[in-house]
Amino acid sequence: MKTENRILLAALGSLALAACNQAEEVPPLGTAQQMMAQEVQPTAEIFWNAVGSKSELVDNEPVFTEWQPEGDAEWGDVRAAAVRLGELGEILQTPAYSEGRGDDWIAYSQGLVQAAAQAEQAAAARDPEAVFEVGGTIYAVCSACHRMYPPEQLPEGVTVDDIAQPRPNEDMTLGEYVEETDAE
């Protein structure tokens, strides 16, 4: 009997030690909210702002301005932003960010990875129209995700570094969430 108890205690002790060694995965880039504010948003803005146009009145005369990257360095920056967005989409799929969220989280993260691959191709081709178009796709993926997983409203004086990771209602499907937010 004593030998069986020792074996049982040794096995339980080993399991307890193994459980201690399997700590929760720590988010590598802060909370999801922090990652969005400090990594995803600025990187997406590099891509989004690379190509565009505006119309304005200057001395009561309409002036139309278009811009796009010029030269290897600027196109390289746009391509690097696209690559980084893909990497961030991959990171969003890790348990550190996906655990406790619904299957939609993974789908949106994969959507970001796929759109980023298209963005990289457009930048590599130096195609301003394609960059503009895929920028819209990236925006659509981000907007859809934010509808399901809305960013927290920050009280005055609170920064992204001060808040906890947001948790959406896991019992609600994307369609139910959209209907609820549209009704508000």
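Asp59 is exposed, with a relative accessible area of 72%; exposed means over 50%, buried under 20% and partly exposed in between, with a 1.4 Å probe and protein chains only. Asp59 lies in the loop between β1 and β2, and its phi is positive, about 55°, although Asp59 is not a glycine. Asn60 lies in the loop between β1 and β2 as well. Asn60 is exposed, at a relative accessible area of 69%, and has a positive phi near 65°. Most residues other than glycine have a negative phi.

The model is a predicted one, in which local features need pLDDT of at least 70 and side-chain atom pairs count only at pLDDT 80 or more, while totals for chains, interfaces and linings use all residues. Residues are numbered from 1 along each chain as its sequence is written, and side-chain values use heavy atoms, with hydrogens and water left out.

The chain holds seven helices and two strands, where helices (H or I, at least four residues) and strands (E, at least two) are DSSP runs numbered from the N terminus. Their order from the N terminus is α-α-β-β-α-α-α-α-α. Of the 184 residues, 30% count as buried.

The largest nonpolar core has 33 residues, of which Met35, Phe47, Leu85, Tyr97, Trp105, Val131 and Ile138 touch the most other members. At least two residues of this core come from each of α2 (32-48), α3 (71-92), α4 (95-98), α5 (103-124) and α6. Such a core is a set of buried Ala, Val, Leu, Ile, Met, Phe, Trp, Tyr and Cys residues joined through side-chain atoms within 4.5 Å. Leaving aside neighbours within four places in sequence, Leu85 is in contact (heavy atoms within 4.5 Å) with Val40, Thr43, Ala44, Leu112, Ala116 and Ile138.

Ser109 has its place in helix α5 and counts as buried because its relative accessibility is 3%. Apart from neighbours within four places in sequence, Ser109 is in contact with Gly89, Leu92 and Gln93.

The strands return in the second largest pocket: β1 (52-58), β2 (61-67) and α6 (128-148) each supply at least two residues of its lining. On a 1 Å grid over the protein atoms alone, a pocket is an open set of points where a 1.4 Å probe fits, with protein on both sides within 12 Å along at least five of seven lines, and lining residues have an atom within 4 Å of a point. Among the lining residues are Val51, Phe64, Trp67, Glu129 and Phe132.
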